[in-house]
Amino acid sequence: MAADGLRSMTGYGRGEAEGPAQKWTVELKSVNHRFLDLSFNLPRPLWALEDRCRKVVKARLSRGRVEMQLACETKPGGGAGLRLDPGVAAEAVAVLRELRALAGLEEPLRLEHVLRFADWFLTREREAPDLEETWTLLSQALTQALDLLEEMRRTEGLALAADLHHHLDLLAGEVERIRSQAPTLPEVWRQKLRSRLQELREEVGEVDDARLAQEVAYLAERRDVAEELVRLESHLGQFRELLAAGGPVGRRLEFLLQEMLRELNTIGAKAGDLTIAQAVLTAKGHLERLREQVQNVE
């Protein structure tokens, strides 16, 4: 999928296919969705073709809500004709004559008067569509619409990728800021604990120095965030790899962002350091921006 690049879930495509009797137009619109959600608007005579349409779209798209609108233009002589219902027409003429008499009008009844009610007795009859012939045209229009839809999704994906890389670099900068400060944490906390223990010694008298040293080492170790940083930087690396791979990677990107947030929360809770707390807060801002944009990725 590397050559395909990152793809957005937002796009639009329109396709047309023309035969001797009919012209079919397909419009596709896609927006964000957690899964692939297809909504087709096929007329009843073509319901049997819906499954074929779904298979064509599923073969090329993996996520997004996709709506399809279908229109058919019948050419003159394209198999449709007018049908007259003589009985209804006679009833319409009789009603008009009765109305003329009731109104006391002497004007003669003319054809133009009757035609105002043509919807009553004239209908356009159509032959049942040949599904295979229709599918030949419909599939051509659908494929053309999909080509344009995917082209737009790829174009949108380029802009998404640029923005994601930008915020990923900013996030990586805050992670590096945390890493540069992290080695000082154990010693900072040892000094804080020693100071506090000295106060306690003055209050309660002599205590076991060996036990105190053990407790100091234990508590200082609990403030170490080295493991969280290793995992966080690993997630950053995997995120960059997926961006480079392209294709339908949105769900995996979302998962990595959740894991990054988990590590940042742990670092912020363990560190107890103002510089790291500020870096974590800023990093979360970039993470939120990444999350918003990743929701647009297929």
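This is a predicted model: local features need pLDDT of at least 70, side-chain atom pairs count only at pLDDT 80 or more; totals for chains, interfaces and linings use all residues.
Local features need pLDDT of at least 70 and side-chain atom pairs count only at pLDDT 80 or more, while totals for chains, interfaces and linings use all residues. Residues are numbered from 1 along each chain as its sequence is written, and side-chain values use heavy atoms, with hydrogens and water left out.

Four strands form an open sheet of mixed pairing, in the order β1-β2-β4-β3 (strands are DSSP runs of E of at least two residues, helices runs of H or I of at least four, numbered from the N terminus; strands pair if DSSP finds at least two bridges between them). The edge strands, each pairing on one side only, are β1 and β3 (36-41). Strands β1 (residues 11-18) and β2 (residues 22-31) run antiparallel and are joined by eight bridges; three residues separate them in a hairpin. Ten bridges link β2 to β4 (residues 64-74), also in the antiparallel sense, and Lys 29 has Glu 67 in β4 as its bridge partner. By contrast, β3 and β4 are parallel, with six bridges.

Helix α1 (residues 50-58) packs on the sheet, touching β3 and β4 (contact means heavy atoms within 4.5 Å). Helix α5 lies across β1, β2 and β4.

The axes of α5 (residues 131-181) and α10 (residues 274-294) come within 9 Å and cross at roughly 160 degrees (axes are lines fitted to C-alpha atoms, for helices over the stretch in contact, and angles run from 0 to 180 degrees between N-to-C directions). The two helices are therefore roughly antiparallel (angles over 145 degrees; under 35 is roughly parallel, 65 to 115 roughly perpendicular and the rest oblique).
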